[in-house]
Amino acid sequence: MPVDDCLFAVTAEDKGAVRLVCVNLAGLKAGLSPGMTLADARGIAPDLVTLPEEPQRDMAFLKALQRWAEKFSPWTSCDGTDGLLINITGCAHLFDGEEAMRRAVLEEFSDLQVEAAAGIADTKGAARAVARFGLRPGTGGAGIIQPGETRAALAAYPIEALGIDDKTIFELKRLGLKTIGELYPLKSAELTRRFGFGLLRTFEKLMGATGDPVIPASPLPGFAARISFPDPIGLQDDVEEALRRLIAQVCKRLSEQGHGVRALRLSFQRADKSEGHLDIGLARPSQDAGQIFRQFRLKLGTVDAGYGIDMMRLQAIATEPFRPVQQRFATAEERSQLDELIATLGNRLGFDRVLSWEPVSSHLPHRAFRFVEAAGAPVTPSWASRPQKRPLMLVGHELVEIIEPGRPPQAFKWRQDAFDLAGASGPERIGHEWWKGADSGAIRDYWSVQTKQGMRLWLSTRPDGKPPSWEVAGVFP
Amino acid sequence: MNEARTESQLPELANGRVHEISGAAALAFGLVSAHRGTVLICGSPAQVASIHPEGAAHFIDPRQIITVPCPLRADALWTAETALRSGSVDCVMAILGRTPGLTELRRLQLAAQDGKALGLLLTEQPAANSAAETRWYCQPALSKTPDSTLLRLSLYKNKRGTMGHWILDVKGDKDTLDLHATPVREPDGTGWHARR
């Protein structure tokens, strides 16, 4: 069913309620408006059709439109989430003038089935105001502000057309300023004193007193390749061969641009139009086709070809500038082998499960390190050795059963084994991190204890505990 | 450079084979044996997370260690096999609750052979039979001086060589480990055989 024929809205969850984000023309006429909760909207229009919002797909569509709009002028950029800016300086005469160009743009949009409004003016802000607010009564409605007439033409526009944040607009309205024209007689110094420089700068940009160029989004180099088959394929050998060709294409483009890839997605379309995809990650940016292929091949067995695969597309999801660095003289080869192992493990277990340690500046033994992902981890600084010995294993704090008291206890039981004290060194007092507040932990005394049974334990106690309780904090080798 | 010196007839843990170590000081003995080159430690998350890098730094540079916590035993075995076969790490330490079965261990042996890497299984409950190249039982021993670490080692299975008991004295730091092993004739009642 075409969207234009029914009441249609896009919804999103906001502040605990489902609200309308965008409403079509029929909906607006029925009295719906963006920001309304879905429950209210259903009360007004019971036959409202809604879809949840998908901002990422909207953004991707807007980016595609922006690239499309380069047919009018090379200087295009996106404006917010629902606008396009085209700098047509020096281009309008190619389309028989501004009026004809505006009409042509709108016609092309309606061919694409996109509802659009367009405005042309001297400055970016003025053109935006015309496009977004030009249809309102009392603003002229021609869609074009002639050169030099910006100030006069914008006077009737509502204050929202400034394109400034909601708080300032609220404040301006509270002072009774409803149109842009009402700002003209006010002194800029007074406006600045009350609202800060932001309003003044926006106003100057709107009037063309300050430069406000259209900054074209730099085209991202796309690292993707696709292959379509005359007949659907289903044999693993065929899929592997196709994949090898795709990887070769992507890697060639990567090395031309000096990029390395960190994550790739292989999408395939089956003969029955269903889709599937495989994702892999790599430990370090790479342009190595063999390495990428080996990571994919581990997962190719899970692909369900169904009735056959029609089309395959390989896309680099994450790329980074690639600097072929030599890590160390002798071990560059080893390092790349290790990276491949990390990638293999990470692709099956998840990269958050392949870890290495990183030192943390803390005197608390259990906070002196943290786990970081081994993939792409920079070389950590060396582990400074402490004057005091630290246990090989931390066991949390396990209470011991005291058989013969002492400081530390002369005989105790831990994990069902009895231990007798042979020697002890300590105490080493470790305080809490005072900068984290008083309740971040207690002060503890630690003793490194040699037992007659051989075990070397790290016992801890609270200096203020009465009666003292002893805990095993760690085990020495 | 890293240098570990052993003065005595303590059998070397052969590269390209999988060895089994049990006992309270198994991790320490494993790190001492692995102390050259890169090490991958896989096993149950609780065990792997309890290792304190500052403590391990007495034997080995923690930067050489990659840890892979695996909640599933099958994942841990797969990780160990993959890492051994790749040959890109020098030593793989798998912390497993019990000895893997003969088939599983045979796979690990073949993988270690392919990758020419040292495989170490740290087990809490060693099984009666194991396909490991050597089996060790390792307990801390009472040391007289605080700066040395005494370990009591019992080698109770050795496919190519003799068995025996040693007291291993570990001195020094991660750069120069000084190992001194003294053969002990009579196990003094706390060894593996007494425990069974």
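Here are some friendly notes on this two-chain model, point by point.

1. **Before you start.** This is a predicted model, in which local features need pLDDT of at least 70 and side-chain atom pairs count only at pLDDT 80 or more, while totals for chains, interfaces and linings use all residues. Residues are numbered from 1 along each chain as its sequence is written, and chains are lettered from A and ligands numbered from 1 in the order in which they are written.

2. **Chain A at a glance.** Chain A has 12 helices and 18 strands; helices (H or I, at least four residues) and strands (E, at least two) are DSSP runs, numbered from the N terminus. Of its 477 residues, 27% are buried. Here a residue is buried if 20 or more other C-beta atoms lie within 10 Å of its own, exposed if 12 or fewer, and partly exposed in between, with C-beta atoms placed from the backbone.

3. **Strands around E9(A).** Strands pair if DSSP finds at least two bridges between them. Strand E6 (residues 224-233) of chain A pairs with strand E9 (residues 309-321) of chain A, antiparallel, over 6 bridges; look for Arg226(A), whose bridge partner in E9(A) is Arg313(A). Strand E7 (residues 259-270) of chain A also runs antiparallel to E9(A), joined by 11 bridges, and there Ala263(A) has Ala318(A) as its bridge partner.

4. **Chain B at a glance.** Chain B holds 6 helices and 10 strands, and 51% of its 196 residues count as buried. Among its contacts with a separation of 6 or more, 72% are between residues 24 or more positions apart. Two residues are in contact if their C-beta atoms, placed from the backbone, lie within 7 Å.

5. **Where the chains meet.** In all, 37 residues of chain B touch 36 residues of chain A. On the chain B side, the elements giving two or more residues include helix H4 (73-86) and strand E8 (149-158). That side has 20 nonpolar, 12 polar and 5 charged residues; Ala, Val, Leu, Ile, Met, Phe, Trp, Tyr, Cys and Pro count as nonpolar, Asp, Glu, Lys and Arg as charged, and the others, Gly among them, as polar.

6. **The largest core.** A nonpolar core is a set of buried Ala, Val, Leu, Ile, Met, Phe, Trp, Tyr and Cys residues joined through C-beta atoms within 7 Å. The largest has 109 residues, and those with the most contacts inside it include Phe29(B) and Ala94(B). Helix H10 (residues 236-257) of chain A gives the most to this core, 8 residues.
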